[in-house]
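These are my notebook entries on one structure. I record what I looked up, entry by entry.

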Amino acid sequence: MSDYTVVGKPLPRVDAREKVTGAAGYTADVRLPGMLRGKILRSPWPHARILNVDTSRAERLKGVHAVVTGRDTAGLRVAFVDTPRYPADEPPLALDRVRYIGDEIAAVAAVDAETAEEALRLIRVDHEELPAVFTAPDALTPGAPLVHEADYPGKTIWEDWGARGRPQSEPVPRQDNVAARTYVEFGDLGGGFAGAHHVREDRFEVAPVAHAPLEPHAAVAFWDQGGKLNMHVSSMGIFYKRFVLSKALGLPPSHVRIHKSYVGGAFGGKIDVFPYEIAAALLSRKAGRPVLIELSREESLTTTRMDFQATVRVKTGVSREGIIAAQDIQVVVDTGAYRGTGPVVIFLCYSYNIPVYRVPALRYEGLAVYTNNPVKGPKRGHGAPFIRFAVDSHMDMLAEDLGIDMVELMRRNARSQGEVMPTSGDVLRSCGLKDAIEAAARDGGWGAKRRQSHWTGSERFKRGVGLSACSMFSGSPYYPFASAAVLKLADDGGATLFAGTVEMGQGSETTLSQIAAEELGVPLSDIRIVSGDTELTPIEFGSFLSGGAFVTGKAVRLAAEDARRQLLEMAARLLEADVRDLEARDKVVSVKGAAHRRLSYGAIIAASVKQASGDPIIGKGYHKSVPDAGLHPSLSTAKGRWTEAYGFAAQLAEVEVDTWTGRVRVLRVVTYHDCGFPLNPQIVEGQIEGCVSMALGQTLQERVDLREGQVFNPDFLNYRIPITHDTPAMVSGMIHSQEPHGPFGAKEVGEGAVSGVMAAVANAVYDAAGVRITSLPIMPARVLAALDAARARGGRQEGR
């Protein structure tokens, strides 16, 4: 590692100048000749049958160029999940029903936004309101109104990649509102519980939260004369967007081009293909002009995606020494009016939890339930925050029951390098979990502060510390399954890197450029990157699924290796030396031990063009997320390979509880993240601190105020995210575990550290004030209620 000159260094970001000068272009900044503004008519009803949509008056309004409704979509349905078991269920524009407040009914393109808004008011919708259901328990009650009366036939988008097809048939009637179920069972569950020294069962609840990116959702669509759809979108994975858009619109993928736009924050909320994007494409085709649809803040917060409301029940049997013998977990999520990523999140709750603690016998059930609420989707961690909140709060309770220190309990059960994950077969080739736990406890002053009263200050203000741990995968088998990269050398020995990565604030352009520079033996300033354009770059895994550095980074390194190999082979011919005797550094190739026998990269490239039929030296690399896996694992059984590497994190929170007001103030968060090898420590640290800040919002204050399907806080005035004054002192440490499959030993960073904060804070609140809060967010009212109950009963109490 010490020989590296570019990777492993905290170098400034390559996109910094564009970002700080305002030169970086976002989707809503795009201006094209003749561009129209699009607006969407949305349902004010949580559940209604659409009898007729009359758009004639809107179409006659001066300045209106196109109006589209469900009639223009040819029965189209799309979804993030579209498999034989879970067919796509969301029409981009209502066909016969609306199922939540905000559901899309029609869209208009006009010369300006005001005219488009006026046109929406002229559209008449005849409807019949239907009974609705707003909570998962109510939706699971026998006889509850059905959100979907049938599953839908049709070709799954995965069939092109070898997935089992769906039989063409009439819609299959549904009997309940269960949108998806994951069930896993292994080991001797009955024997494990029967032989356990101690068994405990607890229940936890998590409120839905929003992604809250500063850049609202937007799309620009235009069709060129050759019939190709061109789009600027606010996206996390341009090749996934292109794939789904092409399927939805019946176009070959090569007839859809996603152009580069910077993304102003996504956090999982911009990966789906949304109805407004399809509406922009349909309006543009009908009007024959470019169309921009920019959602309002209210639309972004209510009609794109939000995180899940979830309940988690955990039952664990342990030995006298605290070793887990058996565990029974049930997760129930409200997935909203359409499946969204409900089938995925209940699968992921299992998959993110299983790499942390060794469990010999397990029963896991996850249920995603339809309701007439807004649709849910992935948010940073995608289920890991609420499963880790539940399990590590539960572990803290077990530790107290057994009289075992929490750190010691975690250490005794934590997984180690070399272990194989049940059902998936994933191998932990690198695992710094125990090191992270010990480092977080050490730097957080665990021994001096845990269960101590002498440092808490006063009778009113009580202080405590809590700990949690979490895991995160590094890419998984999901379209496009792999990343590729191309590195083209320039006449002067510099290079241009072509990679499909989307820069959304995470620093991907910088990290990938560092990998290319290190491998090629040039300074970072000699790498130019072309990214985020499906026409100019090869396929890319996407800036989601936590595979950016691990999968795309590996492809970039292989492309640079390929270019370097070609460079050295040409140099060997010119220098009349063996390739094995050459070394490349600072854009010069020289013979080892004979420094005078040397050639610049520029001279070698020129010679290659002259002597090798014009070969300018272009390197190519590609890497599949899980080389021996085909499609994604089963969402219903969790069988099948999931990832090649897991990142780990352990987090300690230090809090102060105001026992008069119930306010919890987080004073300090210590995070140790096992990211394999930090390719750019400054970027890794930024990712960790971003995770902590986002997690603190979910832990203490953020909650979508959702009542009978209506969101009552769809703006940043009433939906308050953490600001500078809410940010505690942070200590961010990195565990170097050297993942053998990662570029330079790197693996996931960016999502893992979001998931341990909730339980760490909840455990710290209990340590400080003796009250256990089992529902997020930990608001003052909940703390005060728990304190009142504790005082009434004369001891430490649990509270919701």
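**Entry 1: strand E17**

I began with strand E16 (residues 324-336) and strand E17, which pair in the parallel sense over 9 bridges. Helices (H or I, at least four residues) and strands (E, at least two) are DSSP runs, numbered from the N terminus, and two strands pair if DSSP finds at least two bridges between them. The model is predicted, so local features need pLDDT of at least 70 and side-chain atom pairs count only at pLDDT 80 or more, while totals for chains, interfaces and linings use all residues. Residues are numbered from 1 along each chain as its sequence is written, and side-chain values use heavy atoms, with hydrogens and water left out.

I noted that Val333 has Ala368 in E17 as its bridge partner. I then found that strand E9 (residues 178-186) is joined to E17 by 8 bridges and that the two run antiparallel. Here Phe186 has Leu362 in E17 as its bridge partner. Is E17 (residues 362-370) buried or exposed? Of its 9 residues, 8 are buried, so E17 is largely enclosed by the rest of the structure. Buried means under 20% relative accessible area, exposed over 50%, and partly exposed in between (1.4 Å probe, protein chains only).

**Entry 2**

I looked up an open sheet of 7 strands, with mixed pairing and the order E3-E5-E1-E14-E11-E12-E13. Its edge strands are E3 (64-69) and E13 (256-259), each of which pairs on one side only. On average, neighbouring strands of this sheet are turned by 25° against each other, direction ignored. Helix H7 (residues 275-287) packs on the sheet and touches strands E1, E3, E5, E11, E12 and E14. The direction of H7 makes about 30° with that of E11. Contact means heavy atoms within 4.5 Å. Axes are lines fitted to C-alpha atoms, for helices over the stretch in contact, and angles run from 0 to 180 degrees between N-to-C directions.

Within the sheet, I saw that E11 (residues 218-223) and E14 (residues 291-294) run antiparallel and are joined by 4 bridges. Val220 has Leu292 in E14 as its bridge partner.

**Entry 3: helix H10 and its two partners**

Two packed helices are described by the angle between their axes and the distance between the axes. I looked up both values for helix H9 (residues 342-353) and helix H10 (residues 384-402): the axes come within 9 Å and cross at roughly 50°. H9 and H10 are therefore oblique to each other; angles under 35 degrees count as roughly parallel, over 145 as roughly antiparallel, 65 to 115 as roughly perpendicular and the rest as oblique. H9 passes H10 in a right-handed crossing. A crossing is right-handed if the near helix is turned clockwise from the far one by less than a right angle, and left-handed if anticlockwise.

How close do the axes of H10 and helix H18 (residues 757-769) come? They come within 7 Å and cross at roughly 35°. This crossing is right-handed. Among the residues in the contact are Phe389 and Asp396 of H10 and Ala762 and Tyr766 of H18.

**Entry 4: around helix H16**

In helix H16 (residues 601-611), I listed Tyr601, Gly602, Ile604, Ile605, Ala607 and Ser608 as buried. What covers them includes strand E19 (482-489), helix H14 (508-520) and helix H15 (548-575).

I then turned to Gly493, in the loop between E19 and strand E20 (495-499). Gly493 counts as buried, at 0% relative accessibility. Leaving aside neighbours within four places in sequence, Gly493 is in contact with Val522, Lys587, Tyr601, Gly602 and Ile605.

**Entry 5: backbone exceptions**

Most residues other than glycine have a negative phi, and most peptide bonds are trans. I recorded these exceptions.

- Ile617 is not a glycine, yet has a positive phi of about 70°; Ile617 is buried, with a relative accessible area of 1%.
- Gln738 is not a glycine, yet has a positive phi of about 55°; Gln738 is partly exposed, with a relative accessible area of 33%.
- Tyr479 and Pro480 are joined by a cis peptide bond, with omega about 5°.
- The peptide bond from Leu776 to Pro777 is cis, with omega near 0°.
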